[in-house]
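Please look over the sequence and the model shown below before reading the notes that follow. They are grouped by topic.

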Amino acid sequence: EARTAVDGLLGHRVLRRRSAEVTAESALRGARASAELEGAGIELERLRGQLMNGQPVTVQSADVRLSQVVANAVRLHADLGSVLAAWHGSPRQALAKLHLLAAADLEIPDEALGRPRTKATDPVDDPLDLGAPPDPLEVSARLDGLSRLLLAPSAAPAVVVAAVVHGELLALRAFGSVDGLVARAASRLVLIDRGLDPKAVSSPEVGYAELDAAGLRASHGHAYASAAKGYVHGGRDGLTAWLVHCAQAVALGAQEGVAVCQAILRETA
């Protein structure tokens with residue numbers, strides 16, 4: 001279903017001439033949604049207006065850090081194309097670049113930028129309440145394993161590989177800060193690199209945010225955090241539920257891309 005939804009988006013006639021506009025809008029919507037999942041919510045039109053007017057990004061909160069998280073998410077998604085070559089040949093190097101973009105200007109020590117945790121005493125953010133993180137030795141070993149997985153030939157569907165990369169990076173909290181931004185950006189890179197969405201015109205992050213909002217409306221709590229906890233602690237069933245959750249988000253993200261295309265059509269009608 002996720003592949004079918006993305007294929008439907010890729011066949012939209014707007015993409016024949018204006019795919020760059022759809023890609024840019026997808027990046028903006030994805031960045032806003034990813035920041036929201038990191039605890040830094042902002043309305044799309046408010047964010048768009050600030051960026052178009054050259055204003056600093058500011059959320060409706062006194063917490064300056066949240067505004068910076070949103071600004072970093074926008075920068076991260078806008079620069080994903082520059083990370084793609086490194087991702088294809090050296091995933092660990094690409095992850096370091098992603099963290100440099102995601103963690104800039106967040107009062108994080110320079111030596112921690114782009115470098116996985118090396119000490120068990122290093123501080124670790126846990127916005128999803130996943131519990132104690134793996135120790136640095138395990139983090140290093142699992143990052144190596146993840147890199148080997150990504151570099152090895154595989155017939156696994158891109159949606160599944162993206163979900164595993166996403167879940168593993170959330171579980172590891174390798175950098176100790178804004179790991180969610182990094183995990184969601186890496187997941188998007190998998191979808192681009194493996195040909196599911198080569199033009200980056202879908203917004204899977206919007207899908208995750210929509211699933212989260214639906215869970216809250218139904219009084220089921222945060223669906224994203226719950227699914228991530230399943231990946232980390234839920235064994236086989238938790239992994240299965242996480243894969244399904246990610247596939248649903250990809251399908252919803254494709255629908256968001258279609259909505260962008262339809263909006264462009266209305267502008268030109």
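Asn53 counts as exposed in this predicted model, because its relative accessibility of 59% lies over the 50% cut-off. This residue is found in the loop between α3 (44-52) and α4 (64-78), and its C-alpha atom is separated by 36 Å from that of Asp129, which is 76 residues apart from Asn53 along the chain.

**Overall fold**

- The secondary structure of the chain comes to 12 helices and 0 strands, so that, read along the sequence, the pattern is α-α-α-α-α-α-α-α-α-α-α-α.
- The C-alpha trace spans about 60 × 45 × 40 Å along its principal axes.
- Among contacts between residues at least 6 apart in sequence, 70% join residues that are at least 24 apart.
- The accessible surface of the chain comes to about 12,600 Å², and carbon and sulfur atoms account for 54% of this area, while 50% of the 269 residues count as buried.

- Helix α8 covers residues 158-172, and its 15 residues should span 21 Å at 1.5 Å a residue, a value with which the 21 Å between its end C-alpha atoms agrees.
- Because 13 of the 15 residues of α8 are buried, this helix is largely enclosed by the rest of the structure.
- The largest nonpolar core holds 79 residues, of which Trp87, Leu95, Leu98, Val165 and Trp242 touch the most other members.
- Helix α8 gives the most to this core, with 10 residues.
- In soluble globular proteins, nonpolar side chains tend to be buried together.
- When neighbours within four places in sequence are left aside, Leu95 is in contact with Trp87, Leu143, Leu169, Phe175, Val182 and Ala186.

**The segment after α8**

- Just after α8, Arg173 takes a positive phi of about 45°.
- Ser177 lies in the loop between α8 and α9 (179-193), and this serine counts as buried because its relative accessibility is 7%, under the 20% cut-off.
- Not counting residues up to four places away in sequence, Ser177 touches His99, Ala103, Ile108 and Asp125.

**Aromatic pairs**

- A pair of aromatic rings is described by the distance of the centres and the angle of the planes.
- The count of aromatic pairs comes to 3.
- In one of them, the rings of Tyr208 and Tyr224 have their centres 5.4 Å apart and their planes at 70°, so this pair is edge-to-face.
- Since Tyr208 lies in helix α10 (residues 204-217) and Tyr224 lies in helix α11 (residues 223-233), the pair ties together parts that are 16 residues apart in sequence.
- Both partners are buried, with a relative accessibility of 3% for Tyr208 and a relative accessible area of 1% for Tyr224.
- Ring pairs link Tyr208, Tyr224, Tyr231 and Trp242 into a cluster, and Trp242 is also among the residues that touch the most other members of the largest nonpolar core.

Note on methods. Residues numbered from 1 in each chain as written. Predicted model: local features only at pLDDT ≥ 70, side-chain atom pairs only at ≥ 80, totals over all residues. Heavy atoms only, no water. Helix = DSSP H or I, 4+ residues; strand = E, 2+ residues; numbered from the N terminus. Expected span 1.5 Å × (residues − 1). Buried < 20%, exposed > 50% of the residue type's maximum accessible area, 1.4 Å probe, protein only. Contact = heavy atoms within 4.5 Å. Phe/Tyr/Trp six-rings, centres within 6.5 Å; stacked < 30°, edge-to-face > 60°. Areas by Shrake-Rupley, 256 points an atom, 1.4 Å probe, with all protein chains shown as cover. Core = buried A, V, L, I, M, F, W, Y, C linked by side-chain atoms within 4.5 Å.
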